[in-house]
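Hello,

Here is the structure I promised to pass on to you.

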Amino acid sequence: MAKPFSFEVLAIDGKARRGVIDMPRGEIRTPAFMPVGTGGTVKTMYMDQVRGVGADIILGNTYHLMLRPGAERVARLGGLHEFARWPHPILTDSGGFQVMSLSKLRKLTEKGVTFRSHIDGAPYEMSPERSIEIQGLLDSDIQMQLDECTALPAELKEIERAMELSLRWAERCKTAFGDQPGKAMFGIVQGGDNAALRVRSAQALSEMGLKGYAVGGLAVGEPQAVMLEMLDITCPELPADKPRYLMGVGTPDDILKSVARGIDMFDCVMPTRAGRHGLAYTRRGKVNLRNARHADDPRPLDEESDCPAARDYSRAYLHHLVRSQEALAAMLLTWNNLSYYQKLMQDIRAAIETQTFEARGAEITEGWARGDIPVL
């Protein structure tokens, strides 16, 4: 019998929560940041590096994996954990966001979505039941309901229609998921930037008795203040004994402010994408290695970092790699960025445990505001 999925809040500081999700493939320390492994890979990283920087869980993408190499093929090859050589927990998103944003000629009905692949134009159908089936074939540990994510700004009627459809799809996903010992299905709160719709969505999902709850449809172009307002409204409506996941977020500042409002889990392509474009996240803020100021600088990105990419390579070398478009540039900067994000989460967890979250958050923010080291 598989170990049951469980979540325990270990410490609270204000609204910030330090907890742990326990499941058969391992523990997830929360607040947690999940590196995005869209197509079965965290881009430019070896999986042992991802584990080495402190990640407990990674994210896989249902839409991309169903198109290539195909969920049935992954299942035949032992599931996503075996396929990607990541034996620890994996969360898969439902594919709904990518269906809406990437695919061609999509058509939405009560049944689900029909669409054409953005890769080769091949036709596909994605229903709530098929989304859960694909996530099961991938053997993911935390599976997300299929939802309709509305881009903001949008008309109130359109936001409400998508939110109500997502609730009906959540019920169908719950039925399709059934009872899978040791695994979990999370519902997704929708409602755009409308407080009343967010509350309705959160309350209706809470009544379904799911194992976790995500807040979706934010960080899609709206100002940070709107996102935080929606979290202030939504989090109190979600069960206190279940994990809360803010999808697709975000910057280090987004994470600090969202933890302060009770969020436990995050994912975002930002640290990996930035690493492929010459941008490093550090305790001094963002550093653009394309900038000519680094060309003759023998100093590392951060002499105090535990990450070799930040500590052992000169800024001059990193600048050279970036300007020369060497693959190693993306590898080293992504390594640095994921290391920084995981160190940030470690700092946040420790601060909540010692009831110093607000003070530590202020210190971190002040470090960003001071900016990078002076030019030589």
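A word on classes before the rest: Ala, Val, Leu, Ile, Met, Phe, Trp, Tyr, Cys and Pro count as nonpolar, Asp, Glu, Lys and Arg as charged, and the others, Gly among them, as polar. Please also keep in mind that this is a predicted model.

With those classes, the lining of the second largest pocket divides into nine nonpolar, nine polar and 10 charged residues. This pocket holds about 630 Å³ of space. Its lining is made up of 28 residues, and nearest the centre lie Arg283, Asp302, Ser305, Tyr340 and Lys343. Strand S15 (279–282) and the helices H12 (308–311), H14 (327–353) and H15 (357–370) are the elements that give two or more residues to this lining. Of these, H14 gives the most, with eight residues.

Now to the largest pocket, where the space comes to about 990 Å³. There are 39 residues in its lining, and Asp93, Phe97, Gln98, Ser101 and Gly248 are the closest to the centre. Which element supplies the largest share of this lining? That is H5, with five residues. Helix H5 (96–101) is joined by strand S5 (58–61) and helix H11 (270–275), each of the three supplying at least two residues of the lining. By class, the lining of the largest pocket has 16 nonpolar, 14 polar and nine charged residues.

I hope this helps you find your way around.

Best wishes

Notes: Residues numbered from 1 in each chain as written. Predicted model: local features only at pLDDT ≥ 70, side-chain atom pairs only at ≥ 80, totals over all residues. Heavy atoms only, no water. 1 Å grid on protein atoms, 1.4 Å probe; cavity = no way out; pocket = protein on both sides within 12 Å on 5 of 7 lines; lining within 4 Å. Points joined across faces, edges and corners; volume = space filled by probe spheres on them. Helix = DSSP H or I, 4+ residues; strand = E, 2+ residues; numbered from the N terminus.
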